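Please read through the model below together with the notes that follow. They go from one side-chain contact to the chain as a whole, and then to a few local features.

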Amino acid sequence: DNIVITRTFSKVHGMAGMCMGYGIATVTTARKIKPFAAGFNLSAAAIAAASAALDDKPFYKKSIEYNQLSKSILIDTLNELELAHIPSDANFVLHRIGTPLADYAQHMQQNGVRVDRKMTVDDRWNRISLGTPTEMTIFA
């Protein structure tokens, strides 16, 4: 009775930026969390796009395949560099870096890769969102 399953229509459905998602819960749990829900409505375009996305099984399947390939490229690189990382089932990985994040971000920017999102108190960690396999090869 205290479990909520949430999903977004971000990368896997090609809808990053539309802020579309949903949650599944019991009626009792849904009533308890409703007061904390965002107070904005979804646009007709986002609703139509989400409906179409749910029907587009080939795109979803290809997105999952690309995500797994991209993650493999990243994890293999982190392992080769002996950089600790936290296992992830999401479309991002949190990994250890050898310098403060600001220095790392500047170095990566010089190489055409933008990173700069502090995610932990210790700024020697970086959160990297998975891109396409080609983009992850550039990162690697």
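Is Lys62 buried, partly exposed or exposed? Lys62 is partly exposed, its relative accessible area being 41%; buried means under 20% relative accessible area, exposed over 50%, and partly exposed in between, with a 1.4 Å probe and protein chains only. This is a predicted model, in which local features need pLDDT of at least 70 and side-chain atom pairs count only at pLDDT 80 or more, while totals for chains, interfaces and linings use all residues. Residues are numbered from 1 along each chain as its sequence is written, and side-chain values use heavy atoms, with hydrogens and water left out.

Lys62 forms a salt bridge with Glu65, and their closest N and O atoms are 3.7 Å apart. The term stands for a side-chain nitrogen of Lys or Arg within 4 Å of a carboxyl oxygen of Asp or Glu. The structure holds one such bridge. Both residues belong to helix α3 and are three residues apart, so about one helical turn separates them. Glu65 is also partly exposed, at 38% relative accessibility.

The protein chain as a whole has five helices and five strands. These are DSSP runs numbered from the N terminus: H or I of at least four residues for helices, E of at least two for strands. Along the sequence they follow the pattern β-β-α-α-α-β-β-α-β-α. The chain is more spread out than a compact globule, because its radius of gyration is 18 Å, well over the 14 Å that the globule rule gives for 140 residues. That radius is taken over C-alpha atoms, and the rule is 2.2 Å times the number of residues to the power 0.38. The C-alpha trace spans about 45 × 35 × 25 Å along its principal axes. Of the 140 residues, 26% are buried.

The structure holds one aromatic pair. Its members are Phe9 and Tyr22, with ring centres 5.8 Å apart and planes at 55°, so the pair is tilted. The pair links distant parts of the chain, since Phe9 sits in the loop between β1 (5–8) and β2, 13 residues from Tyr22 in strand β2. Rings of Phe, Tyr and Trp (its six-membered ring) pair if their centres lie within 6.5 Å; planes under 30 degrees apart count as stacked, over 60 as edge-to-face and the rest as tilted. Phe9 is buried, at 4% relative accessible area.

Glu82 is found in the loop between α3 (57–80) and β3 (85–86). Its phi is positive, about 55°, although Glu82 is not a glycine. Most residues other than glycine have a negative phi. Glu82 is exposed, with a relative accessible area of 73%.
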